Amino acid sequence: MRRLCGGVVLLAALAVTGGQNRAAQDQAPVGFSFINVAREAGLNAPIVFGGATSNKYLLETTGTGVAFIDYDKDGLLDLFFVNGSTLEGFPAGRAPTNHLYRNKGDGTFDDVTVKAGLAESGWGQGVCVGDVDNDGRDDLFVTYWGQNHLYRNTAVGRFEDVTRAAGLQQSRMRWNTGCAFLDYDRDGRLDLLVANYIDLDLATAPTPESGLCRYKGLQVACGPPGLTGGKNILYHNRGDGTFEDVSEKSGITRASGTYGLGVSTFDFDNDGWVDVYVANDSNPSAVYRNNRDGTFTDVGVKAGCAYSQDGKPQAGMGVAIGDYDRNGTMDIFKTNFAGDTSTLYANSGEGLCDDRTFAAGIGMNTRWLGWGTAFVDLDNDGWLDLFLTNGHVYPEVRQLKTEAGYAQRKVVYRNLGNGRFADVSEQLGAPVTTPKAGRGAAFGDFDNDGQIDIAIANVNDQPDLYRLKGDTRNHWITLKLVGTISNRDAIGARVRLVTGDVQQWQEVRGGGSYLSQNDFRVHFGVGAAPRVDRVEVRWPNGAEQTWENLQVDKFHTLTEGASITKGDSPLLSQKKGTASPQDARTQALSQYLSGHVAEAIPFLEETLKTSPDDSQVTYALATAYAQTRQPEKARATIARTFHVTPDSAAAHLLTGQMMNRLELEDLAEAELKAAAQMDPKLPEAHYLLGQIAIFRSRFEEGLALMRQELALNPAHAMALYRIGDIYVRQSKWNEAIDALQRSIWMNPYFSGPYILLGKAFSKTGQAGQAEDMLKQAIDFDPNNKSAHYLLAQVLQQAGRVEEAKREFAIAERLQGDIK
């Protein structure tokens with residue numbers, strides 16, 4: 001973190017010149033205020049991070065991020081706070097964990113961390129949100145000094161840690177910080193960029209006692225200058241649940257600077273391909289320009305978006321993106337270290353940045369050390385304001401009277417609409433002026449009142465939630481974009497909004513602020529405008545759509561290829577005139593993917609008339625028939641896809657498989673029985689019927705069906721596993737052991753048989769083998785509560801009490817009701 005700043009005195013002096021009219025604007029009534037509702041809302045778990053009074057390593061200083069995420073799809077923003085650790089560590093089961101708070105819709109939140117499977121500990125850093133598998137449910141990625149974690153949203157209120165399965169295991173210790181999901185190759189799947197700070201090894205890193213690292217005479221944590229910088233990572237989504245590290249071949253590692261922290265996506269050059277900004281500490285920041293061929297070039301230095309106005313690298317922390325001057329280009333705001341200014345880069349639209357820090361009135365503040373930040377219209381007047389979260393990096397500065405303190409106030413700049421901002425922090429008063437050691441901040445409308453609220457992660461303190469009370473005279477509109485051909489979250493989409501002769505632009509962005517994720521919904525303040533005349537959306541894949549006459553003071557859902565829900569504010573036009581067959585296909589699929597299954601059927605049928613070989617539309621139609629309980633039509637559609645006759649055994653099997661995946665067990669069973677009767681030697685039919693029988697507690701029937709499947713396919717690992725499961729339920733331990741061992745021989749990479757074997761070995765007095773099996777299960781699935789609980793029982797029976805307590809604690813953390 002750069003500690004020096006020069007050359008600002010003359011510029012600051014020039015910035016204070018101005019007429020009486022501008023001064024009068026600076027003192028205009030603010031028109032909005034904040035209330036800190038965190039305690040009443042139930043956001044009470046403290047965020048632990050490093051030493052409270054002094055720090056030995058820089059690792060203890062960076063703090064954590066926060067994300068707004070509607071994980072349960074109820075239309076209410078939930079909150080995820082990343083947590084940290086200390087050098088001393090914690091006793092087993094008592095380490096601080098990340099926290100997921102579910103929004104109850106009444107101004108309060110429930111802590112559902114354990115229930116959701118997210119109670120992870122460690123040196124947490126940042127978080128980003130994205131629907132990586134396009135299933136309509138947002139997933140979570142959490143960065144660490146150590147191993148990152150990807151959590152897949154399973155739609156039952158829980159997340160599954162799929163880090164290993166997704167290929168995101170790291171082979172060495174890395175200090176991962178900010179992150180963002182993005183679709184850089186426009187294939188409809190979200191890729192992932194992860195910034196890295198320092199290649200930190202605590203065994204060799206210098207400490208304050210070395211005398212090498214001082215800040216204004218105080219011994220402080222060393223770095224980042226003098227320490228090896230980390231390299232950013234880009235992962236490409238393969239579309240099969242796994243990611244490929246393409247950092248080298250994409251050019252991401254060839255940046256002008258290092259020590260990366262805050263990350264945000266944006267379209268710097270407005271070419272329809274998503275770019276990325278990374279705020280670097282003590283180094284030139286990076287603008288990764290998308291070359292449209294799978295590679296990036298860092299143009300930050302060349303474009304003038306990397307240094308201060310006097311040509312010096314700054315200690316960049318957080319980043320905000322927005323069109324503050326309403327000229328159609330995305331501008332950049334970066335928070336920096338104390339003794340320096342934050343930096344405002346105006347995007348010229350010609351591939352260059354114009355440093356407007358002092359001209360905009362922002363260069364006056366040099367006392368604060370900034371972190372989380374955003375461009376946000378706080379009074380809904382149609383001009384983007386600025387919010388900054390602050391807090392010093394060194395707890396030791398409490399000893400200095402010349403500093404603003406370790407805990408610092410926020411800074412709020414009101415956009416005056418003339419290219420300048422006014423600092424209205426003091427006019428706002430508490431909680432803005434209440435000192436806190438803030439770090440990450442996320443921006444979103446948690447109570448759906450059209451005002452953007454702010455969640456803040458503080459260091460060694462409870463979090464804050466600032467509820468905004470905006471100017472009720474002004475109107476607003478919030479747009480939720482849903483991709484169908486593009487990625488589901490529409491990250492990378494660009495929105496143009498027109499009210500009268502006023503135009504505004506916004507984007508859906510991954511990442512942002514400092515180590516945080518803002519609400520994906522796009523919010524516009526529209527002042528006194530009674531309606532929105534026109535909304536134009538450029539989707540991440542380049543397609544464009546237009547809507548007209550949208551109501552204000554309302555949330556609207558814009559689905560790619562479709563009109564607004566139930567005909568309100570209908571789609572005006574697709575680009576290039578009347579609907580083409582491709583446009584009709586897009587609308588049909590978007591109706592289906594947005595959950596309007598029955599309504600989508602006639603559109604899908606019509607599309608298939610013109611494109612009978614379209615497999616995606618065919619599958620969607622077959623699924624829609626199944627979901628509306630029309631098995632004959634579903635089977636006929638599937639049969640056409642696979643070129644079999646509708647009354648064949650194969651058609652019944654394929655239909656049964658689909659019904660089973662949709663959890664339509666009665667329909668699935670009927671189809672599968674028909675398939676087995678028509679062709680008793682048809683693979684999979686007996687297994688699927690046996691699976692349904694077991695789930696319905698018809699164990700003897702399930703056992704017979706699994707044996708029938710094994711007679712056809714002796715290497716069917718899952719059939720052996722199901723047989724072992726039945727024997728465990730019946731306490732037939734030796735039979736269970738035989739079946740489960742054979743299942744592992746056929747497929748050694750599934751944790752289920754190991755867990756059941758652990759139980760069976762334990763029941764037969766084979767404690768050593770039970771322990772081995774359960775540890776193997778945990779290695780495959782670290783968050784499996786049953787494996788930890790059974791292992792704890794085995795260790796307790798062996799008299800290894802402390803080890804047992806540790807496993808019990810882990811199990812209780814993963815599932816609070818396990819005793």
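Which residue forms a salt bridge with Arg164, and how far apart are the closest N and O atoms? The legends below take up this pair and then other parts of the structure. This is a predicted model, in which local features need pLDDT of at least 70 and side-chain atom pairs count only at pLDDT 80 or more, while totals for chains, interfaces and linings use all residues. Residues are numbered from 1 along each chain as its sequence is written, and side-chain values use heavy atoms, with hydrogens and water left out.

**View 1. Domain 1 and domain 2 are joined by one salt bridge.** The chain is divided into domain 1 (33–482) and domain 2 (715–818), with bounds that come from an automatic or database domain assignment. Their C-alpha centres lie 40 Å apart, and 10 residues of domain 1 are in contact with 10 residues of domain 2, contact meaning heavy atoms within 4.5 Å. Between them the two domains bury about 800 Å², 45% of it on carbon and sulfur atoms; buried area is the accessible area (1.4 Å probe) that two parts lose on being put together, summed over both. Arg164 forms a salt bridge with Asp779, and the closest N and O atoms are 3.8 Å apart, where a salt bridge is a side-chain nitrogen of Lys or Arg within 4 Å of a carboxyl oxygen of Asp or Glu.

**View 2. Arg414 and Asp379 meet in a salt bridge.** The N to O distance of this pair is 3.3 Å. Because Arg414 lies in strand β27 (residues 411–415) and Asp379 in the loop between β25 (370–376) and β26 (385–390), the pair ties together parts that are 35 residues apart in sequence. Strands here are DSSP runs (E, at least two residues), numbered from the N terminus. A search of the whole structure finds 38 salt bridges.

**View 3. Four strands form an open antiparallel sheet in the order β21-β22-β23-β24.** Strands β21 (319–322) and β24 (353–355) stand at the edges, each with a single partner strand, so one side of each is left without a neighbour in the sheet. Two strands pair if DSSP finds at least two bridges between them, and β23 (residues 343–347) pairs with β24 over three bridges. Within this pairing, the bridge partner of Tyr345 is Asp355 in β24.

**View 4. Strands β36 and β37 form a hairpin with five residues between the strands.** Seven bridges join β36 (residues 531–538) to β37 (residues 544–551), and the two strands run antiparallel. Arg538 stands opposite Glu544 in β37, while Gly542 in this hairpin takes a positive phi near 100°.
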